[in-house]
Amino acid sequence: MQSHGRIQPAPRRGAHRRKRPRRPMVGMMLHQDGSSHEWVPDQWWDLIVTMDDANSRVYSAFFVSEEGTMSSFRALTEVINAHGLFCSLYADRGSHYWHTPEAGGKVDKENLTQVGRALQQLGIELIPAYSPQARGRSERMFGTFQNRLPQELRSHGITTMQEANRFLKEVYLPEHNGLFTKEPEDTASAFVPFTGHVTGHVRDTLCVQEERVVGNDNTVRYKGLALQIAANRHRHHFVKAKVRVHDYPDGELAIFHGPRCIGRYQSDGLPIKQEMSKQKAA
């Protein structure tokens, strides 16, 4: 009867979804997401949370004005410094995680974002979420934060982001984890201790990296700044050399020629004298 047009087929129903089991060990898969909310009266901030799938423990949480690449790097740095490298990160299809050629379509796993490139270098798999249901644990966790945290901030008279972040780290997060962390299926851990120099290698991976060519005056142009490369005992000059600018979440900048750092700078482009003096001493 449908083929003859006498009746219309029923509308197709959504796919039957099943609750995804948790990963058995901590460190196997972490969730990272942001929630925009009026956390204090008349102020909307983004709360960036990184949580373990195995036990719902929140490893990192902080407020920023806007979620993006730098907030992801900041959160990942906090987790790796405290716990080590983990296996995979489950995140939505935000533009700082993925390039998506067609809106609502599949992500491009070959054309990496800065976050995707950094995770690949660290050996961490980035997994895209294709529906809100797929991020169910993150969504429920944010519901808990939105129900409880604004009241806590208000009762403590907190109105600024700096105060809120301090309270979140020192008071609220330990209490939250004490109430909502679950026992994982396996008591072992999939975290791998980072054996290198964490403040160096990981920091120089979890940052924006862009290639530049040094100008005739030994400067590198980046975001309207002229980063001056100082005289270097390893080389007479760097004119026309290809270098790599590192833009860190804390605002500092650096220039690398291959694996070697040849200059570090404040966010305004001025050289960091302490670093320069160390370089000369070396």
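Leaving aside its neighbours within four places in sequence, which residues is Gln-266 in contact with? I looked: Gly-251, Leu-253, Pro-271 and Ile-272, with contact meaning heavy atoms within 4.5 Å.

**Ground rules.** I'm working from a predicted model, where local features need pLDDT of at least 70, side-chain atom pairs count only at pLDDT 80 or more, and totals for chains, interfaces and linings use all residues. Residues are numbered from 1 along each chain as its sequence is written, and side-chain values use heavy atoms, with hydrogens and water left out.

**Gln-266, continued.** I placed Gln-266 in the loop between β11 (260-265) and α6 (273-281). Helices (H or I, at least four residues) and strands (E, at least two) are DSSP runs, numbered from the N terminus. The relative accessible area of Gln-266 is 36%, so I put it down as partly exposed. The scale I use is buried under 20% relative accessible area, exposed over 50%, partly exposed in between (1.4 Å probe, protein chains only). I also checked Gln-266 against Leu-227: 39 residues apart in sequence, 9.9 Å apart in space, C-alpha to C-alpha.

**Whole chain.** I get 6 helices and 11 strands. The C-alpha trace spans about 80 × 60 × 45 Å along its principal axes. There are 282 residues, and 44% of them count as buried. For accessible surface I have about 16,200 Å², with 49% belonging to carbon and sulfur atoms; the areas are from the Shrake-Rupley method with a 1.4 Å probe, and for residues only the protein chains shown count as cover. I then took contacts between residues at least 6 apart in sequence: 60% of these join residues at least 24 apart.

**Ser-138.** Helix α3 holds Ser-138. I have this serine as buried, with a relative accessible area of 4%. Not counting residues up to four places away in sequence, Ser-138 touches His-31, Asp-33 and Met-51.

**Cysteines.** How many disulfides does a search of the whole structure find? I got 0, with a disulfide being a pair of cysteine sulfur atoms within 2.5 Å. Cys-207 is in none, and the nearest cysteine sulfur, that of Cys-261, is 11 Å away. Cys-261 is likewise in no disulfide, its nearest cysteine sulfur being that of Cys-207. I noted accessibility too: Cys-207 has 0% relative accessibility and so counts as buried, while Cys-261 has 22% and counts as partly exposed.

Last stop. I see strand β7 (residues 219-222) pairing with strand β8 (residues 225-228) in the antiparallel sense over 4 bridges; pairing needs at least two DSSP bridges between the strands. Thr-219 stands opposite Gln-228 in β8. The two strands form a hairpin with 2 residues between them, and Lys-223 in the turn has a positive phi of about 50°.
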